[in-house]
Amino acid sequence: MRFRPLIVSTIALALLPLSGPAYAEDPAPTPAPGVTQTQTPTEQPPAEETPPAEDPADPESKVEDGLGVDGGTERAIVELTGPAETAPVATQAAAESVDVVLQPQSQSFMVVEGTAEELAKLAEDPRVSSIHRDRTYTPAEVAPSLSLIGADKVHAAGHAGAGQVVAVLDTGIDVDHPWFQGRIVAQACFSATEDSGVVSLCPNGLNQQTDGNAADAMTANCLLDGVNLCDHGSHVAGIAAGTGGVAPGAGIVAVQVFSRLNDEDSCGEPACLVAYESSLRQALDYVATLNQPIAAVNMSLGGMLYDTSCDATEEGAIFKEKFDALLTKDIATVVAAGNEYYEGTAHPACVSTAVAVGANDNADAIAEWSNRGSLLDLFAPGVDVESAVPDNTTIAYSGTSMATPQVTGALALMRAASPDKPMSELIDTLKATGRPYVYDVAGAQVTTPRLDLAAALTGAAVQPPVTQSPSPVADDPAPEPDPSDSSGPTPAPDDPAEPAPSASSTPVPLPTVTVTVTVTETAKPPAAVCTRGTAAQRLTTPQWAVELHRASGTIPDETLSCYLKLIGKSSKVFPELTKASSLGKAYRVLKSPKTRKAKLDGALLTAWLNWAHGTNGTTALAAAEKVRLSSKPSVAALKKATSNILKTVK
């Protein structure tokens, strides 16, 4: 099985220090950031070839493009025509040597591992409606917020969310943390496993657990060299409903949905966390069966990037059905928009019935790394937010992962104050009373409200609009002249690390005093957010090879590693078909064009690196990737796709 480097969506969740798990795979075409591809005056755009209409009954059309095209087995979700077909189809598949790894009860899908030939054979069964990858998600990356949104005022007015519950689908929870005493009302774990280094995080070591401390974030598999990989869930839960959170009187349903991946090539480190689509689907169904008074589900995680609604995609339609089912029970699904500095959102925040949340800073400005645009429903503080982490400590993280639980907690407060109002009406109230952020996206003005609980719950006046300048990457109508290969690359360094604080220029003498200080050791320092660059400069394949070769270029390795994570989240080829999750492997992709497929891979990686560096335009990339994902691409098609991509990087 090949992995794509969440997000999250970091504990792509929308968290930045755990920027590792961002491996979501996506069935939809790569979204275009809204930039026109450039052409020379004499050049005609390549003619669009309209593919023949697919017959839904045709077995080949049931299988997602790219599954097993380069050999090996793939982990895939087999969608069935009904729950009654799961057992007989699973039995038949097992008899034909297909490895059935998950067979949920009362569900119309199962998860298998098989070769392209085995999956194609399975698709011939009329009880099988489609087969697609069991995509992975990562926690959305992490970086005085309560007063900014007026939570201190609503707490003073007696609103704490008592009688309400929030469900946190994340990396589990520190069940003994002081912030959660008496608040955890239910726990569950849905954690996929694979023979290729994917390990369960359920305390019982199985794929599922719904008893005891099933979401315990202190299990042995959560620990790596003394570092807790599962701290994201506690931090998120603490913001939503911990002692120092938005709804400190609400209960918490903690659901572990992540698995541990022990693969340095995919993670960039010895291990990281990923959440499989199958685990998320099981978790959402579990929440829907609970009798708890749940106000909202929090999903601080994300996958593929979209700049339009993803409802019509196969993956989006599946999650929309889940979100809609929860909404009929008056349960909102609140999802992190992502930290990619993108004019859109990560999946599943792109689903129309999700409450998509971006991040602002404590100066009431859009966080420079936050996704933004018309798909977002709300902004909330997401910079340096203090919350709980394992071992009874707290730490400040940043990311849309931190903004999302503020909205989740806000909905618990709203439901507690107005238990008879439909959840859709409560969501609309939050949006109507939020402070309007006005900003431009692709030349059009967009207004997105920033969460304001004081206006929503205490009758305070709606704050006046504030015009934002989030400096989205500008359209790039014409390529910048590239420096010559002999002179070497000249991109501006794009280090995402925070600048060092400047010292005061005029020190003030202070009286001598004796102070007793109690120091609480924090778990780890906050990490920089992994986001697209702003250089908007195109480099050629040789120039990117120089950059990727350690210590030979001008772009920091940390930034290049971030770029590869973003590419893995946005591309269907990297690293799903072609490994390019580490600097060394990406370098070899650029330097080893021995076959037509390898040449296309090199051209694609060059173009994706330019996109990550700040240039816009992915329409040509989507078309070329479709060719690469084909099971039997012709030499002419590979050559044409490579040529079209190379035109965009010159």
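**Helix α10 and its surroundings**

In the predicted model, the axes of helix α10 and helix α11 (residues 423-433) approach within 10 Å and cross at roughly 120 degrees. The crossing in which α10 passes α11 is right-handed. On the α10 side, the residues that meet α11 are V407, A410, L411, M414 and R415, and their partners in α11 are M423, L426, I427, T429 and L430. Sorted by class, this contact comprises eight nonpolar residues, one polar residue and one charged residue.

Helix α10 itself consists of 18 residues. From its first C-alpha to its last, α10 reaches 26 Å, close to the 26 Å expected at 1.5 Å a residue. The helix is mostly covered, with 16 of its 18 residues buried.

The largest nonpolar core of the model contains 53 residues, of which I252, V407, L411, L430 and L453 touch the most other members. Helix α10, spanning residues 400-417, gives the most to this core, contributing eight residues. In soluble globular proteins, nonpolar side chains tend to be buried together. V407 belongs to this core and is also among the α10 residues that meet α11. When neighbours within four places in sequence are left aside, V407 is in contact with V334, V355, V357, L378, A380, L430 and L451.

Residues up to four places away in sequence not being counted, T408 touches V166, A240, A296, V297, N298 and V334.

T595 is placed in the loop between α15 (583-591) and α16 (596-613). The relative accessible area of T595 is 45%, a value between the limits of 20% and 50%, so T595 is classed as partly exposed. T595 and V635 are 40 residues apart along the chain, and their C-alpha atoms are separated by 10.0 Å.

Key:
Residues are numbered from 1 along each chain as its sequence is written. This is a predicted model: local features need pLDDT of at least 70, side-chain atom pairs count only at pLDDT 80 or more; totals for chains, interfaces and linings use all residues. Side-chain values use heavy atoms; hydrogens and water are left out. A nonpolar core is a set of buried Ala, Val, Leu, Ile, Met, Phe, Trp, Tyr and Cys residues joined through side-chain atoms within 4.5 Å. Buried means under 20% relative accessible area, exposed over 50%, partly exposed in between (1.4 Å probe, protein chains only). Helices (H or I, at least four residues) and strands (E, at least two) are DSSP runs, numbered from the N terminus. Contact means heavy atoms within 4.5 Å. The expected span of a helix is 1.5 Å times one less than its number of residues. Axes are lines fitted to C-alpha atoms, for helices over the stretch in contact, and angles run from 0 to 180 degrees between N-to-C directions. A crossing is left-handed if the near helix is turned anticlockwise from the far one by less than a right angle, and right-handed if clockwise. Ala, Val, Leu, Ile, Met, Phe, Trp, Tyr, Cys and Pro count as nonpolar, Asp, Glu, Lys and Arg as charged, and the others, Gly among them, as polar.
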